Amino acid sequence: MEVLRFVLLVLWLLQLGSAQPSTDPNEVAALRKLIDQWNLGSKINLTIDPCTQNVPWAALDGNPRVACDCGSGTNTCHITHLKVYALDIRGEIPMELFVLKELTDLNLGQNVLNGSIPAEIGQLSNMQYLSLGINNLTGAVPSELGSLTKLLSLSFSSNNFSGPLPTDLGNLISLQQLYIDSSGVSGPIPREFANLKSLQTLWASDNSFTGKLPEYLGNFTGLTDLRLEGTLLEGPIPSSFAALTNLRDLRIGDLSGEDSSLDFLENQTSLSILSLRNCRLSGQIPDGLSKLTKLLYMDLSFNKLTGQIPSSFKDFALLQYLYLGNNNLTGELPAGIVTPKLNALDVSFNPLLGSLPLNSAKSGLSMNLVGTSIDADSLMEKNAFGKLQCLKTKCTNKVSSASFSIKCGGTDQTSASGVEFDADSETLGAASLYASPDGQWAVSNTGSFISNPNGNRYIAMTDSQISETLDSELYKTARISPGSLRYYGLGLKNGKYSVELHFAEIEMDDSQSWKGLGRRLFDVYVQGERVLEDFNIGKEAGGSKRALIKTFEANVTNTIMDIHFLWAGKGTCCIPYQSTYGPLVSAIHVSQVSDSTVSSSKKHRQVGKIVGITIGCAAGLVVISSLFYLWWTKKPQGHVQIFTDSPRKG
């Protein structure tokens, strides 16, 4: 009897074991090759079935993660989830990946994958979530992605693709999230994208898109987050955007072409972040804009807005950041514009008048009023404030300064060549103006790092040594800005100046990790003339933490030098961490070109004039002599033509 019981127990255990589902052997073989190629053997143990229940790599927060669907009524499991995130896997996308045809969620983001996306990606027809963002992928975006019609989320942002977006992406009618910012694509946004009416999030900034801003985007009424900055798109902003009443975050910038108005915003009452910087906005600011009561951040700077700032701005109960600089706004600031929550107010470079608004001394408030006629000398040293008025009025030389040098973001120091750099370590706010104690220079900053979890900071620093220089310490700190950073030399002699700008990329690295894939791009203007466009410090210097000096010449005609570092919406936003973008500068040295150089130049010009006059006189004598000879030898019946024009061919 006991023997019979034992035999039955063994048979039951064998039957139970045979009933345990196992992973498709083809998928196991493919996964094993992937793990070997990506050196993940220490993290996933394939001596057991990868779909075994309760294995550590199946947890929701596992990384790498392999999860399966074993279904019901079947003994075969299929791999449905694969995540290898920010583990610096490299090489081309392996073909074994496409054996896993039941994948619904594939996350290979933040790695160093290169090469193109294989066309076989179209075989993964069950895919719902696909992330290939922040890699080094190249080539064209494959049209086969359009076969993944179950996709809910697609990301291939921050790569190095080329060419246009494939029209087949318009087949993804279930798509809710599309992240293609900084991906390298170009050309018009396909008309077929009009089919993507389920979109809720569209990030498409920092691409070379051309043509008109698509009107059909106004049909995506489920959109909550739209970002289109730093492209080559043309305005106007379509009136159809008035239907996007679910938008919470709208960022459009750097449009060319026709002017736009703000009328489409009337019913955008869900907005909390609104940035329409450099969109050729014209006309007056609508009084009804204050109905957007959820606004925390509003940037309408670098446009063509006119008229007065509406008094209804006092009704923005939650607004923290308000940027209206570089427009043509007139009149006085509304008395109640400084609301209890407001942290930053920028109205710089507008022909505004009057006095500071009420509550302008509120704790934590930063303001930038440079380039206006507002009586704001209480905000800074009176001498420096008076000199800054030369930005908008004619000034005469009252002082004899002929140079200034600034250690941006750091303490004073003397370079190996003996240049004494002034300290510039003052804490700036999101809309600040600061002048040096001696009144020789000033600095202004406007912009907020909206997504930075650590809050706003406007100084970068490193402990690493900086190469390609004898002045490593000069480059270990830098001023940074998410928008506009300007330095002003004050009370300068009029004349020609040499402008030395010192740079070193100390926030982005150039390691072999995904953290080395960031690109910082910004423009530089000297005296209003753009001298650098899409300037990439790391690329020009040959890597990060390497010193680079750019030198320019500029004329001072009104006692002031204006050096402007401007973010134009380009470059990656979030590598190696959130809000890593915008201008960065380590030091500035400006000095007047020596009189001897100018005198030498003048002497050369004078010698040239004398030589020119001598040659001209000699040529004149030759012509006169020729004419006399022709008159003397002419025949009475003939006519000799005198050529006074250049010979013509034919």
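To begin with, the model is predicted. Its mean pLDDT is 88, and 86% of the residues in the chain reach 70 or more. One is residues 3-18, which has one contact in the model beyond near neighbours in sequence. The other is residues 596-650, with four contacts of that kind.

Now the strands. Some background: the strands of a sheet pair through backbone hydrogen bonds, and the pairing is either parallel or antiparallel.

Take strand S6, residues 112-115, and strand S8, residues 136-139. They pair in the parallel sense, over two bridges. If you want to find the place on the screen, look for asparagine 114, whose bridge partner in S8 is asparagine 136. S8 also pairs with strand S10, residues 160-161, again over two bridges and in the parallel sense. There, glycine 139 has phenylalanine 161 of S10 as its bridge partner.

Strand S22, residues 304-307, is joined to S24 by two bridges. Threonine 306 is bridged to asparagine 328 in S24.

Next, the cavities. How many of 30 Å³ or more does the structure hold? There are four. I will describe two of them.

The largest cavity holds about 90 Å³ of space. Its lining includes Leu165, Ile180, Phe193, Phe209, Pro214, Tyr216 and Leu228. By class, that lining has twelve nonpolar residues, no polar ones and no charged ones.

The second largest cavity has a volume of about 60 Å³. Among the residues that line this second cavity are Asn326, Asp346, Phe349, Asn368, Val370, Ser444, Arg486 and Tyr488. Two elements give two or more residues to this lining: strand S33, 441-446, and strand S36, 484-489. Which classes of residue are found in the lining of the second largest cavity? Three are nonpolar, seven polar and two charged.

Note on methods
Residues are numbered from 1 along each chain as its sequence is written. This is a predicted model: local features need pLDDT of at least 70, side-chain atom pairs count only at pLDDT 80 or more; totals for chains, interfaces and linings use all residues. Side-chain values use heavy atoms; hydrogens and water are left out. pLDDT is the predictor's confidence in each residue, from 0 to 100. Contact means heavy atoms within 4.5 Å. Two strands pair if DSSP finds at least two bridges between them. Helices (H or I, at least four residues) and strands (E, at least two) are DSSP runs, numbered from the N terminus. On a 1 Å grid over the protein atoms alone, a cavity is a set of points where a 1.4 Å probe fits but cannot get out, and a pocket is an open set with protein on both sides within 12 Å along at least five of seven lines; lining residues have an atom within 4 Å of a point. Grid points are joined across faces, edges and corners, and a volume is the space filled by probe spheres set on the points. Ala, Val, Leu, Ile, Met, Phe, Trp, Tyr, Cys and Pro count as nonpolar, Asp, Glu, Lys and Arg as charged, and the others, Gly among them, as polar.
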